[in-house]
Amino acid sequence: MSAPVRFRFCLFVADDSPNGAQATANLAAICAEYLPGRHTIEIVDVFKVPARALEANVFMTPTLILLSPAPVRRIVGTLSQTEVVLRALGITKQAA
Amino acid sequence: MKQIPKRLPVHSKVPVGITGFDEIVNGGLPRGRTTLVTGGPGSGKTIFGLQFLAHGARSCNEPGIFVAFEETPDQLIANVEGFGWKLSELRPKKLFFLSAQPTPDLIQSGTFDLNGLLAILSAKQKSMGAKRVVFDALDVVLALLPDPAARQREVYRLHEWLVTNHLTGMITAKTVRGEDAGAPAHHPFGFIQFMVDCSVILNHTVELGVSQRNLRVQKYRGSSFDENESPFVIGKNGFDVAVSRILGRADAVVTNERVTSGVARLDTMLGGGYYRGASVLITGFPGTAKTTLSGAFAEAACKRGERTVFVGFDSDSTEVIRNLTSVGIRLGPHVRSGLLKMISARTLTGSAETLLVRIKALTKEHRARCLVIDPVSKLSKAGNELTAHGVAERLIDWSKADGITLVCTSLLDEMSNRMDGGTPLQISTLADTWIHLNYLVQAGERNRGMSIIKSRGMSHSNQVRELILSNSGVTLADIYTAGGEVLMGTMRWEKESASRVASEVAEVAGQLNLVRLDAEETVLEVRAKSLHTELLAKQAEKILLARTTQTRNREQSSGAKRIRELRGADPAIARERKALK
């Protein structure tokens, strides 16, 4: 069995918005449950660093970008539907 | 249109730079507010938005940001390259394109907001000092939002952001045809119409196979505006909205100057020619020399050195030139010298509105003072008649405002309009001078008659004249009226020569009569003289007779007395004698 894949996330949020807070919480919960110890989350506040948002073409917040493993995937929204998020990230419950 | 006094606290306006549109809204879109532009597919929303930004960046020193939700900026720029706005020159300092198309592989989970976009825009706005923002096809991104409440919330967010950043915003959104202003409540994004300060609806319809674009301002908070639908064209330079010249605008220069019609006797009939800047309508059935009359006008204008445009719908310009040469009207030299521009409009297609816009553009380009449209009735065939009437109205308004003398011919439908003489465009009521040409079929001949039906502001002849075309030009002849009938052509000539003979005969007869009367007079005079002499003789005779009688009577009475005295026998005498003693 190969070494566990490390998930690198970048979550774009608008600082004080409830959507952002929700997404942060949802992502933390998913990672804690399915990717314990093998994930990195960078949270980017679009109002503080709009250049990053422009660079990554993030217009809708919150946006979650999975930087690795490839391919790069992006999920828009509060990440409230765990099933959808997991499928999008290619994580299966069994794999966890 | 009512003008709002300046002292009222009305927000200032941002010119859109679209011909006609700024007039409709009295200056432009509300500054620092949001305007919604809705329309069906291909109605011109994106072009409207881009023109708004291009004008701001180029002419108003107001940099702009274009947020493209649907097309990529490169596509957009390529699409509008033909309008000559040179958008690439303005990028990226004056005009910034933000490519914000949702990626097709976008995965969505839960609700989201547009804060990311606004964060980017805020940063951009600060760095480039943008004043205008266009959100093109906002519906694309709104459709991704899970519920109506979220959509509403995001639009409010945009609106708030625009207001707090003092940006003039424009949102374009699609509507399905028939779902525009009529039922905003049923439209998924109908609420935007309630929220924004100004709402513009673009319509693109096809009537009888001819495309027709219309624009309507649905609302404009705090400003008056033209509430009617106005046709528009996406032409060479982008939008061109047709607006009737607002009455009372002081830009129409009215002069008393006359310009010749090209036919000397027609000028006399009009008391000196057409007015400069007037609109002249020449109606008539096919072949009544409408083109010839308008050609004569064009030639006369060129001879004065005035730049002229001749728009012909019926035949090619070269044909028109050749045909007119046959009646002594030579347009060829003027075309070569560049004074006269002949346009064969058979090649122009589109609705009446499109044609008008093209004619306007060509006339402006040529800097023409005189314009001939032959025939203007063709406009009504090109589109639906309803808008064509408006076009005729605008044509006249526009030519008046620009001081262009307009001569247009109009074909009368021989079947339907013979009685009322009306034109399909009802231009006859709008024209200043209306000349009607007619045929008179008589004694196996068809002759052209011309009459002036109306001519505003000038005394004009009430006579019908015969229009004669010869290779030396156009002339007008008096018609011959005899016994209540109007004679033209050969019959006129016959009647005229007959009357010439008759008058000669009458003259001779008169002279003979005079001689006869002279003779009679002389005879009578002689007779009168002899009678007078006779009378004198008789009178002398009468006097003589009277005198003789008197003498005789006296002699007789004195004689008798004497006798009685001598006799002395009569008592009476004796008594007398006694008494005497």
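Here are some numbered notes on this two-chain predicted model.

1. Ground rules. Residues are numbered from 1 along each chain as its sequence is written, while chains are lettered from A and ligands numbered from 1 in the order in which they are written. As this is a predicted model, local features need pLDDT of at least 70 and side-chain atom pairs count only at pLDDT 80 or more, whereas totals for chains, interfaces and linings use all residues.

2. Confidence. The predictor puts the complex at an ipTM of 0.87 and a pTM of 0.66. Within chain B, strand β7 (residues 132–136) has the highest confidence, at 91, and helix α14 (residues 378–382) the lowest, at a mean of 66. Two stretches of chain B deserve a flag: residues 1–9 have pLDDT below 50 and eight contacts beyond near neighbours in sequence, and residues 178–186 are also below 50, with ten such contacts. A contact here is a pair of residues whose C-beta atoms, placed from the backbone, lie within 7 Å. Where pLDDT is low, the predicted coordinates should not be read in detail.

3. Chain A overall. Chain A has three helices and four strands, in the order β-α-β-α-β-β-α from the N terminus. Helices (H or I, at least four residues) and strands (E, at least two) are DSSP runs, numbered from the N terminus. Of the 96 residues in chain A, 38% are buried. Buried means 20 or more other C-beta atoms within 10 Å of the residue's own, exposed means 12 or fewer, and partly exposed is in between, with C-beta atoms placed from the backbone. Among the contacts in chain A with a separation of 6 or more, 65% are between residues 24 or more positions apart.

4. Take the open five-stranded sheet β2(A)-β1(A)-β3(A)-β4(A)-β6(B), whose pairing is mixed. Its edge strands are β2 (39–45) of chain A and β6 (107–108) of chain B, each pairing on one side only. Pairing means that DSSP finds at least two bridges between the strands. Inside the sheet, β1 (residues 7–13) and β3 (residues 63–68) of chain A run antiparallel, joined by five bridges, and F9(A) sits opposite L66(A) in β3(A). Helix α1 (residues 18–34) of chain A lies across β1, β2 and β3 of chain A, at about 165° to β1(A). That angle uses lines fitted to C-alpha atoms, for helices over the stretch in contact, and runs from 0 to 180 degrees between N-to-C directions.

5. Chain B overall. Chain B has 17 helices and 25 strands. Buried residues account for 43% of its 581 residues. Of the chain B contacts between residues at least 6 apart in sequence, 71% join residues at least 24 apart.

6. The core. The largest nonpolar core has 157 residues, and F66(B), V67(B), L98(B), V133(B), V280(B) and A298(B) touch the most other members. Domain 1 (13–105 + 112–241) and domain 2 (258–492) of chain B both contribute residues, so this core lies between them; the domain bounds come from an automatic or database domain assignment. A nonpolar core is a set of buried Ala, Val, Leu, Ile, Met, Phe, Trp, Tyr and Cys residues joined through C-beta atoms within 7 Å. Leaving out residues up to four places away in sequence, V133(B) touches G64(B), I65(B), V67(B), L121(B), L162(B), L167(B) and G169(B).

7. β4 and β5 of chain B. Strand β4 (residues 64–68) of chain B pairs in the parallel sense with β5(B) over five bridges, and F66(B) stands opposite F97(B) in β5(B). Strand β5 (residues 95–99) of chain B has four of its five residues buried, so it is largely enclosed by the rest of the structure.

8. Most residues other than glycine have a negative phi, and most peptide bonds are trans. Two cis bonds to check: T61(A) to P62(A), with omega near -10°, and D374(B) to P375(B), with omega about -10°. P62(A) is in the loop between α2 (50–55) and β3 of chain A, and P375(B) is in the loop between β18 (370–374) and α14 of chain B.

9. Positive phi. K86(B), not a glycine, has phi near 50° and lies in the loop between α3 (73–79) and α4 (87–90) of chain B. K86(B) is exposed, with 12 other C-beta atoms within 10 Å. R367(B) has phi of about 55°, in the loop between α13 (352–366) and β18 of chain B. R367(B) is exposed too, with 8 C-beta neighbours inside 10 Å.

Note on methods: pLDDT is the predictor's confidence in each residue, from 0 to 100.
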